[in-house]
Amino acid sequence: LNYDLMEEQKGDENPGRFSFTKTPLPTKQLSCFITYTNPEVHAILEQGFDSSPMFTGRIKGIGPRYCPSIEDKINRFAERDRHQIFVEPEGWHTVEVYINGFSTSLPQEIQHQALRKIKGFEKAKMFRPGYAIEYDYFPPTQLYNTLETKSIHNLFFAGQINGTTGYEEAACQGLMAGINAHQRIHDKPPFVLNRNEAYIGVLIDDLINKGTEEPYRMFTSRAEYRILLRQDNADIRLTTKGKELGLIDDARYNSFQQKLLVINELDKSIKNLKFTPVEINPLLLKNNSSAIKEKTTLYNLLKRPELNLNHFVNVNEECNTLLHDADKDIVEQVEIQIKYEVYIDKQQHMADKLETMEDLKINPNFNFQKITALSAEARQKLSNIKPKTIGQASRISGVSPADISVLMVYMGR
């Protein structure tokens, strides 16, 4: 590969962690690169369309909407004369790279010819050809929110069998199905995450209540409480639940408890720390922020979008003590809580309000057909899915707010 002909894409300047443990951060990173297809590449690929199972009809299933094959892109976006190709190294000790954006089901010789016409790929060698997959699935509306099947007691489904696509989607279902299988065997209560607690909760709730007509992928836009479901507060949302399940050891839980104490102390100090106009106005004006006329707390100043805690590190001795050696993750957590407090509180209030509907249980043997005031569609959907709570019933496609009102009246609520 001739990387001189490609656009380098460096890694993050300040790489983050996938864990809240203090694992060492990388000191050096491998770059990715970008190159592009061209009309000559497209012409070669088109020669193989007649052999592609995607076009001959051998594969009839609906593919994932968000990662189409290269032949699909050429076919659907015929007006484009190039498509982006991401060149991603597979590791430090291999010359192998993953060609992101070039998934394909075309014959191997066509793939190889086309690859060598891409800028920088003129002498490329192919380790393994691209391929297409097709898989069947069971409609996930046949599952409880524990991922246990309604038809067969003690049988749990997770991953592509539920109509999802993507590694993380499969992994989170495997985790939840495994936990609930364990809970069942040991006569413990089921473990369910709500929509306002985790993206896992959104994914499973979507699948069991709405089903899916195409490979399902989890997006932030699917979550109505995404201000609450941030990456910085994942440990606050879920560590205690992990501890209760036996997944978190004492050392990690004690570290988490200590972090909560530090967060609360920093938050309290920021709310109490005040500045006079004389000591803070030079800094405010330097950062294009309005000057103050009377004593103001750091808490109030931090709500200004142009300011962050780093600006205040050396304002005075108290600030220096408070912020200079503070853990970066904790500073970020506190800053987010303060800056977006109004929005976070509003969304939490909405979540709390709707959570009361989750407390309204429905008998698993309840006969929805006998409530003639429900719409015909609602009776059919409710009978098929058998929601466990009024909250779950309210999220079923085809069940209207009016139907929920009828249910609540019928249940004496």
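A residue counts as buried under 20% relative accessible area, as exposed over 50% and as partly exposed in between, with a 1.4 Å probe and protein chains only. C172 is buried, at 12% relative accessibility. C32 is partly exposed, with a relative accessible area of 28%. The model is predicted; local features need pLDDT of at least 70, side-chain atom pairs count only at pLDDT 80 or more, and totals for chains, interfaces and linings use all residues. Side-chain values use heavy atoms, with hydrogens and water left out, and residues are numbered from 1 along each chain as its sequence is written. A disulfide is a pair of cysteine sulfur atoms within 2.5 Å. The count is zero disulfides.

H83 sits in the loop between helix 3 (70–76) and strand 3 (84–89). Helices (H or I, at least four residues) and strands (E, at least two) are DSSP runs, numbered from the N terminus. H83 is buried, with a relative accessible area of 6%. Contact means heavy atoms within 4.5 Å. Neighbours within four places in sequence aside, H83 contacts T35, Y36, T37, H42, I70, K73, I74 and F77.

Helix 7 (residues 234–245) and helix 8 (residues 250–272) have axes that come within 11 Å and cross at roughly 145°. Axes are lines fitted to C-alpha atoms, for helices over the stretch in contact, and angles run from 0 to 180 degrees between N-to-C directions. Helix 7 contributes D235, I236, T239, T240 and K243 to the contact. Helix 8 contributes D250, Y253, F256, K259, L260 and I263.
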